[in-house]
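Dear colleague,

Please find the structure that I am handing over to you below.

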Amino acid sequence: MAERRMFTKKVTNDDEFISLPSSAQALYFHLNQEADDDGFNKQVQTALFKAHASVDDLKILMLKNFVIRFESGVIVIRHWRMHNTLRKDRYTPTNFQEELQLLGLKENGEYILGCQTVAERLPQVRSEEVREEKVRLSYATANQHYTQASFTTFAMADEEAISTGDDGNTYISWYEYEIQTREAFYASGGTNIPARQYYSCTGYWRGLDTSSLNDDYWYFNKTRLDRIAITSYPTQAPSVYVKTSITATVGMIDVNGGKFLMKGKKYSCYELLKKALLTVDTQIINNSTTGIDELVEQYPITISTEWVGRLQAATMQETIFEQKNLWEILLQIGYYLHAIPYMEFADDGTDRFLLSFRQLGDTRKKDDTSRKITVFNSQNLSDYFTQYDSYVTNLFSPQNVVDEWLVAKTSDSSYLAANDTAEFSASRPIIEIMEFDIQYGNEKRNALENIFEESVYQILTSDNPKRIQPAKGNAIYYKLGDNKILGLNYVPPAANSGTYYYALQEICRRLFGGAIGKPEKLKFNDLLVHVKYKTQDELRVSQVRPDIQNFMRNSSLEKYPHHEQYYGQQDKIIDSERFTENLFGQLIRVGNTEYQRQEYADAGSEKESGDLVDIYGEPYYVIATENENYADAIKQKVTYSKNFNQLAKIVTIPSEPRFYEVSERSKIRREVRLMDFLELTTTKPTQATRPRFLSNSKWKALIKGLLFNKQTYTLPNFAYTKFQADHRREHTGGYGQLIPSNSLFPSGETIRDGVNSIKPLDPSDHAECVVSLLHYPTRNGIIFEWDMEDNFKAGDFIDAGLSGVKENGEAYVAQQSHRYVDVMGRADLFTFRLFNKTNWAIGQARQLPKAAYVPTESESDIYLPSPYTIGLDKDNREAISFNFQINLLHRTTEQDSEDFITLANLFGEKESALKMCLLDTTQSMFNQDMNASLHNVLADNVQYSLIDNATLNAIEIRITEPTGVDLAKVKAIALYEETQGGSRYAYIIKNVEKTPTEQRLKSWWLVPVFSD
């Protein structure tokens, strides 16, 4: 074997080769170096070791067709004959003769799989008839309708079915069967059923359809079929004619020039940090002018230039972030750099922070030479949090009713929804069903009496469902805490010769009578079900202090003041209002104390955060310092800790609890927070401000109905979400492939044009979906929440275009998944619209969660105006949920030293409109049962008006002064609800004892804030 190897620049200087990672290029050269004289190499592991390459690099070379790998493990250099030419006296034939026989040789010397004639044929999309035969069938008579016959075609060899063409594309071959049956039993003739199936296929004729006498039943033992309408061919003799063709076309690895799935590159520490900063606030951008990678200049924190390179070079490997604030994430990044993060004010003319790191590794301990003044406990400003963030599972509210329209789906592995596999699937766990209606055609019937919780269903009788109700044969059921409605296809045992229908067919027979025709012919796929139910779910709750405006923003680049803290779940099942009540109580209390020490230190020997200090023979870490500089000394307030993790207690701008590319789990739920703020105040606004997401034309009507119940309103019940590619970002795969933005989102749907023409839809730059919406009232607000089913799909839809009849005679439609992510399982940006819709047609309901209906901005109650989008930066392990929260704020001001008191259920359902009364005693913020006995009420049913002020874009709450009331005695004003039982529950109270008498009944205002 020769000792020298050569390389042609036609290969190594080609852009395809140059674009390979350097490790893959090195592997290619080593594989060449160790190959035999025919280019074969079985020492792959040795080459990997020498090139410092990975198996992924080998996969790249195979994917890019630089090497061919055989089942034996041997590889061959595809361009070997282009690289090397040996004299016959120096040539040693390869030992891998079996593999060599599988190769052909192109004119330019390039190896290909298969002989040249095959290779020349495969790149062309063409058909070649290879088999024709007739299969005789026995006659079918009036008493012999189900005489059966079958045919089986031969199977392709693997090299015929999957091969590589001259153009480098992978080609897949399939059979196409053109089947004609000629049945003498009926005059209309036979049928012609074209079908497509990969590899081999067996077809079974099930005989004549005795009910209609116009169709034959054909069933194939595979499910990937294209079926068209059946046409008749009159003939005389009963037989089956089978014509089989083989077609070769480009395989489904490439979808119209785009990719279906691709490995993304790993996060660097720098990208991880940018992503964490993105989640601090809702970053709204116009993607025509700004991309999410350009938002770095708009964050409250900028990164020191001397550390940017280090951060970019450090790759995150085994990191999982759960319920961490931004400082804790910085600490995790510091672990990779072996450094401690710290921040100081930037000197770039802004009020931003400059993030830098202090490199660790110094083993020298500082002597404790400072002169101690005192040891004391202090209360830090950071202990006064503006809000608690909680990730809560099993969150429940009596008012969180979900409104959905369902069609028959299935959890069967065939993904075929038919009567024998059908079930109704809600989007969330069912706790209690409030409404249950079945619609057939244009008729809708109430079927609430026919659905039961499982434990009740189990005690129902299995006897005759036509005579006994309720019975299992005329009932369906749900499992408590599960999202499926089952029992549709239960058939009770027949004691006599009669037969029973499926349970849902029997229910519809009772509800619709003769309108459904023969009950046994009813298809569940023709039914539309409306269900309203209560549920419990997992979501993100942010309890905000109502006086958040009295807190300073860390930077003018913050959207609102961030002094947040995580507050964990304590109970297994949590009521949303009680939970947020507890958080509210926690927020208004003084926080934890810190052990600190005051010291004098000489200049140059002062303590710094991160110092390891020896105190009385014990090592301590310095976690915080405050300095006062004097001419001869430095006065320091130093916080010590023996636990390095105490550094994480430094409170700064929190980000979302984040999960990143490498995780211990394959799927992580990420709750994306969106906020709107309204302020209740006695100060008249001076200028108009529109809400950030609430519809500018609808928010006043929504709030007047929601808070005061003085106006009819409907809450949105569906969410439209559009996931988009950032057109200003370069999208690169894990192997350095550049993906155009307009090809980033592949389509899982197909176009059918005739019988044998089917192809995927073109890729695009976005994906859209519509899912149901859930709402939870909180202490001072309301949350609207919607979910994607997992980290790749929004949910399953019914593809009515893929329908047919199974072997057992049941008609089916296919169920498919709707994808919302790009080729790497990611999404850069999103926009959304929340809307109310109750008139879903069955065709639209089948398509959900595809965006079968896209609401306009004028039809939406809450939305992001076009052309703006929101930064998301989703990675491939995150299952996305969205939480839009409306928060009501109020505070004391210089003009009004007495604050409002808002109480629980302000944003919840109410039995009647809120009434107003004037009281002669001040009220407590912790007592919802207000002190409103008759001798405390100075005036009841005080008239007030809710006035839309279009000029100021505000709601004015104008109070009419009642006659005969001494305002000097008025100590409080209360808005309350009076129940049918006579109880009074306060929702808004304004203490006015310190307010000048003439100002006590001045107007209140509701205005949007923090909407920049």
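**Findings**

With a relative accessibility of 41%, Glu993 counts as partly exposed; that class lies between buried, under 20% relative accessible area, and exposed, over 50%, using a 1.4 Å probe and protein chains only. Please note that this is a predicted model, in which local features need pLDDT of at least 70 and side-chain atom pairs count only at pLDDT 80 or more, while totals for chains, interfaces and linings use all residues. Residues are numbered from 1 along each chain as its sequence is written, and side-chain values use heavy atoms, leaving out hydrogens and water.

Glu993 forms a salt bridge with Lys971, with 4.0 Å between the closest N and O atoms. A salt bridge here is a side-chain nitrogen of Lys or Arg within 4 Å of a carboxyl oxygen of Asp or Glu. This pair links distant parts of the chain, 22 residues apart: Glu993 lies in the loop between β59 (984-991) and β60 (1004-1009), and Lys971 in the loop between β57 (954-959) and β58 (972-978). Lys971 is partly exposed as well, its relative accessible area being 24%.

The whole structure contains 33 salt bridges. In one of them, the side chains of Lys637 and Glu626 meet at 3.5 Å, N to O. Because Lys637 belongs to strand β37 (residues 634-641) and Glu626 to strand β36 (residues 618-629), the pair ties together parts that are eleven residues apart in sequence. Glu626 is partly exposed at 46% relative accessibility. Lys106 and Glu110 also meet in a salt bridge, at 3.7 Å, N to O, and both Lys106 and Glu110 are buried.

Of its 1012 residues, 53% count as buried.

Helix α14 (residues 503-512) is largely enclosed by the rest of the structure, because seven of its ten residues are buried. Among these buried residues are Ala503, Leu504 and Phe512. The buried residues of α14 pack against several strands, including β26 (432-440) and β31 (527-544), where contact means heavy atoms within 4.5 Å. Just after α14, Gly513 takes a positive phi of about 65°.

With kind regards

Methods: Helix = DSSP H or I, 4+ residues; strand = E, 2+ residues; numbered from the N terminus.
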